[in-house]
Amino acid sequence: MVEELVGVVAAVGAGALVYVASAARVVKQYERGVVFRLGRLHGDVRRPGFNLVVPAVDRMRKVNLQIVTMPIPAQEGITRDNVTVRVDAVVYFKVVDPAAAIVNVEDYRFAVSQMAQTSLRSIIGKSELDDLLSNREKLNQGLELMIDSPAVEWGVTIDRVEIKDVSLPDTMKRSMARQAEADRERRARLINADAEYQASKKLAQAARQMADTPSALQLRLLQTVMAVAAEKNSTLVLPIPVELLRFLERGQQPPAQSPGHAGAAEQAEIAEGAVDRTEQAEEAMEQLRRAVEQ
């Protein structure tokens, strides 16, 4: 009798273990469980942890609530300014209503992918090339709204949409390169013209200043000669003013004899002045020679 009772208890325990093993379901922290009892949605969404269902009656489907990163294949389209481009993007979305994601749509991943491709083509046709290249933030927001509107009914929310790359034809790339080069050249010419204008104003001021003081021009000439001669790797051709040559010529001429009109004192003064001019000319030539040698 006791053995039969022990056998019954063991059989009941084994059956209970089999029932628990077939009814037990473990839902992970990032998942939610949707239970269907005889084909109908039953109860609330099961929370993470250990859950029991009725074997052969209930069927549980687990839904991942993590953010899904889905790349959008490159879509080719024509922009509003008639330029053919290829644009690819990436969509970040997650499930917020597990029951709606299972009941309202057959495959929410495939649905989001197709909606993203359609919306991307639409946004290409509504935008210009400059917007695709420089105003992507606004296009991303518009693309996110276009995808998110129907996705709400599927229990899915769009977290972010980013345009990754915009591929242009080779002819358009060359045209844009020429345009950028022309713009840089225009700015370079404007900068050079502005620099020439400012330099001309400064030179005009310097010329007026030197006109008031003629000796400043000679000092500037000597400074230029010294700067050029410091390199010692070039031949210097120094222009000599005509006035200096005339001065030297007058200094080397003998004093004119005027008998009967000039006395001995006057002739002596003329001769002394000629000697002084000769000495001054020689001193000036010596200064020029030293400047050139330096």
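A residue counts as buried when its relative accessible area is under 20%, as exposed when it is over 50%, and as partly exposed in between (1.4 Å probe, protein chains only). With that in hand, let us look around. The structure is a predicted model, in which local features need pLDDT of at least 70, side-chain atom pairs count only at pLDDT 80 or more, and totals for chains, interfaces and linings use all residues. Residues are numbered from 1 along each chain as its sequence is written, and side-chain values use heavy atoms, with hydrogens and water left out.

**The whole protein**

You will find 9 helices and 8 strands here; helices (H or I, at least four residues) and strands (E, at least two) are DSSP runs, numbered from the N terminus. The protein has 294 residues, and 24% of them count as buried. Its exposed surface comes to about 20,600 Å², with carbon and sulfur atoms supplying 55%; such areas come from the Shrake-Rupley method with a 1.4 Å probe, and for residues only the protein chains shown count as cover. A contact means heavy atoms within 4.5 Å. Among contacts with a separation of 6 or more, 66% join residues 24 or more positions apart.

Two strands pair if DSSP finds at least two bridges between them. An open, antiparallel sheet has 3 strands in the order β3-β2-β5. Its edge strands, β3 and β5, each pair on one side only. Strand β2 is joined to β3 by 2 bridges, and phenylalanine 36 stands opposite leucine 41 in β3.

| Strand | Residues |
|---|---|
| β2 | 31–37 |
| β3 | 40–41 |
| β5 | 58–64 |

**A nonpolar patch**

Tyr19, Val20, Val26, Phe50 and Leu52 make a nonpolar surface patch of about 510 Å². Patches are built from residues with over 30% relative accessible area and no salt bridge, joining like charges within 9 Å and nonpolar side chains (Val, Leu, Ile, Met, Phe, Trp, Tyr) within 5 Å. A salt bridge is a side-chain nitrogen of Lys or Arg within 4 Å of a carboxyl oxygen of Asp or Glu. Helix α1 (2–23) and strand β4 (49–52) each supply at least two of the patch residues. Tyrosine 19 lies in helix α1 and counts as partly exposed because its relative accessibility is 46%.

**Arginine 109**

Arginine 109 sits in helix α3 (residues 108–126). Its relative accessible area is 35%, so arginine 109 is partly exposed too. Leaving aside neighbours within four places in sequence, arginine 109 is in contact with Val68, Met70 and Phe93. Phenylalanine 93 is 16 residues from arginine 109 in sequence, and their C-alpha atoms are 9.4 Å apart.
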